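Here is a short report on one protein model.

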Amino acid sequence: MCVIIVKPSGVELPGKKILNQAAVYNPHGFGFCTFKRIYKTLSFDSFMKEISKVDKNEWCIIHFRFATTGSVKRANCHPFKSENICFAHNGVLNIETKNDRTDSETFFDNIVMKAINKYGFDSRALDDIMLKNTGFSKFALMNDKKITLYGDFIEYEDGCYYSNLNFLKRYY
């Protein structure tokens with residue numbers, strides 16, 4: 001199962017052990033986004049080099065992929081970005097995909113971005129659409145000002161929010 005980690009401003013990045021363990025159990029791609037940039041890769045070493053540049057005072061969405069739909073390739077790594085919106089997903093969506101795209105990217109492009117363009121990022125209509133589709137999924141959505149989380153994220157002892165801690169239970 002994928003994992004999303006959200007690092008709030010003023011909080012240190014999760015430690016190398018945690019990031020490594022997330023990668024071990026979700027080895028199909030790694031990515032992160034801040035308000036300033038997005039980075040996606042299939043190389044954990046490259047991921048670690050780039051994420052180390054994230055400032056403590058930046059918000060950051062981090063994603064470790066476990067492939068369900070779509071092949072293992074950089075383009076299928078999360079987060080996905082359109083305009084100034086970044087999106088990460090943990091779970092499986094019952095949605096038809098095409099052209100080797102993930103269920104997450106398909107949902108983002110065909111449902112989330114259409115709702116944002118029609119109703120706005122901070123709209124009740126977007127919240128309703130996201131909550132209707134949450135089920136067992138978790139979503140992190142970021143524009144250039146804020147991050148919104150959908151689903152039950154867990155605030156861990158390091159001050160970050162995790163979509164699940166399954167990868168840690170296997171380690172500790």
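## Charges

The protein carries 24 positive and 19 negative side chains. Lys and Arg count as positive, Asp and Glu as negative; His and the chain ends are left out. The centres of the two sets lie 3 Å apart, with each charge placed at NZ of Lys, CZ of Arg, CG of Asp or CD of Glu.

## The model

This is a predicted model: local features need pLDDT of at least 70, side-chain atom pairs count only at pLDDT 80 or more, and totals for chains, interfaces and linings use all residues. Residues are numbered from 1 along each chain as its sequence is written, and side-chain values use heavy atoms, without hydrogens and water.

## Overall fold

The protein has five helices and ten strands. Both are DSSP runs numbered from the N terminus: helices are H or I, at least four residues, and strands are E, at least two. Of the 172 residues, 50% count as buried (under 20% relative accessible area; exposed is over 50%, partly exposed in between; 1.4 Å probe, protein chains only). The C-alpha trace spans about 40 × 35 × 25 Å along its principal axes.

## Helix α4

Helix α4 covers residues 124-134, and Leu126, Met130 and Thr134 are buried there. Seen down the axis, the buried residues of α4 fall within an arc of 75°, so they line one face of the helix. The arc is that of the directions from the helix axis to the C-beta atoms.

Arg124 and Lys132 are exposed, on the face turned away from the buried side of α4. After α4 comes glycine 135, with a positive phi near 50°.
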